[in-house]
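Please look over the sequence and the fold before reading on.

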Amino acid sequence: MLHLLGRELSFDVDLSTLPCGENGALYLSEMSAGGGRNPDNTGGASYGSGYCDAQCPTLAWRNGTINTGRQGYCCDEMDILEANSQANAFTPHPCRNGNCDKSGCGYNPYAKGFRNYWGPGMTVDTSKPFTITTQFVESGGSLSQIVRRYAQGGRPIPSAASGGDVIQASACGTAQSFGGLAEMGAALDRGMVLVFSIWNDPAQNMNWLDSGTAGPCSSAAGSPATIQAQHPDTHVVFSNIRWGDIGSTTQTS
């Protein structure tokens, strides 16, 4: 369990083989540390039987118990990175009383108007590995902002925005009914599980991440059939994962 309120998480990532429509994701979920382990399910977390996220998935297990009622299982989720070589976003998804902010209050530099920031040969050159640091800044015991920083080749990369790539608590008004950044910070303080995934999206071709106002990809480019036919080597590499006090996890020249 990672307890990240007032701390930071850093990792290196190689997204160079991820085309439009593919998503290499690194995120946090407030699932049970034991995966719902019980006398009838002694495997618990090792079988993934406690999995939950803010999209409230309906799975075979619901916190370790067979989900005969076909109920969704909701919990706080912090998407630290959802990305491919063309676009990216980081997004808090707080939950309150069994309801979650499924859309989230995210930060996508392309959607903010920075069209030449993220991509092969751009400011964050996704043709090569680079480092991502996410800082969960607290004030008075509450999460006040989420700050994103990048480095490549041992050197810091300027933020897309002049004031930094930041999600402020005050800017997430629509999320307040789900607890906003305060609830996200409370989950980070209680402890969350680090999750890695790679996936494509047969329902929407990942357009919400990398097409239209979100990124440079065409609406059809993310078809899973196209990805499987044209990019059979698709993969993502996460490495050098570390966490600690703010300012402690990276060294740049």
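Helices (H or I, at least four residues) and strands (E, at least two) are DSSP runs, numbered from the N terminus. Trp243 is found in one of these elements, strand E16. The model is a predicted one, in which local features need pLDDT of at least 70 and side-chain atom pairs count only at pLDDT 80 or more, while totals for chains, interfaces and linings use all residues. Residues are numbered from 1 along each chain as its sequence is written, and side-chain values use heavy atoms, with hydrogens and water left out.

We begin with the interior. A nonpolar core is a set of buried Ala, Val, Leu, Ile, Met, Phe, Trp, Tyr and Cys residues joined through side-chain atoms within 4.5 Å, where buried means under 20% relative accessible area, exposed over 50% and partly exposed in between (1.4 Å probe, protein chains only). The largest nonpolar core has 39 residues, of which Val13 and Trp118 touch the most other members. Strands E1 (7–14), E2 (22–29), E5 (77–83), E11 (130–139) and E12 (142–152), together with helix H1 (180–190), each supply at least two residues of this core. Apart from it lies another core, of eight residues, among them Met31, Tyr51, Cys52 and Cys75. In soluble globular proteins, nonpolar side chains tend to be buried together.

With contact taken as heavy atoms within 4.5 Å, and residues up to four places away in sequence not counted, Trp118 touches residues including Leu15, Leu81, Val124, Phe130 and Tyr150. Asn88 is also among the residues that Trp118 touches. Asn88 is found in strand E6 (residues 88–93) and counts as buried because its relative accessible area is 1%. Its own contacts, on that sequence rule, include Glu82, Tyr107, Arg148 and Leu209.

Next come the covalent links. A search of the whole structure finds five disulfides, a disulfide being a pair of cysteine sulfur atoms within 2.5 Å. With bonded cysteines counted along the chain, the pattern is 1-10, 2-5, 3-4, 6-7, 8-9. Cys52 and Cys75 form a disulfide with their sulfur atoms 2.1 Å apart, and this link is right-handed, with 100° about the S-S bond. Both Cys52 and Cys75 are buried. Cys56 is joined to Cys74 (S to S 2.0 Å) in a link that is right-handed, with 120° about the S-S bond. This pair connects the loop between E2 and E3, which holds Cys56, to the loop between E4 and E5, which holds Cys74, 18 residues apart.

The disulfide of Cys105 and Cys172, whose sulfur atoms are 2.1 Å apart, is left-handed, with -80° about the S-S bond. Cys105 lies in the loop between E8 and strand E9 (118–119) and Cys172 in the loop between strand E14 (165–168) and H1, so the pair ties together parts that are 67 residues apart in sequence. Cys105 is buried at 14% relative accessibility, and Cys172 is buried at 2%.

Two backbone positions deserve a look. Most residues other than glycine have a negative phi, and most peptide bonds are trans. Asn97, although not a glycine, has a positive phi of about 55°; Asn97 is found in the loop between strand E7 (95–96) and strand E8 (99–100) and is exposed, with a relative accessible area of 75%. For Asn240, phi is near 50°, also a positive value, and this residue has its place in strand E16 (residues 237–245).
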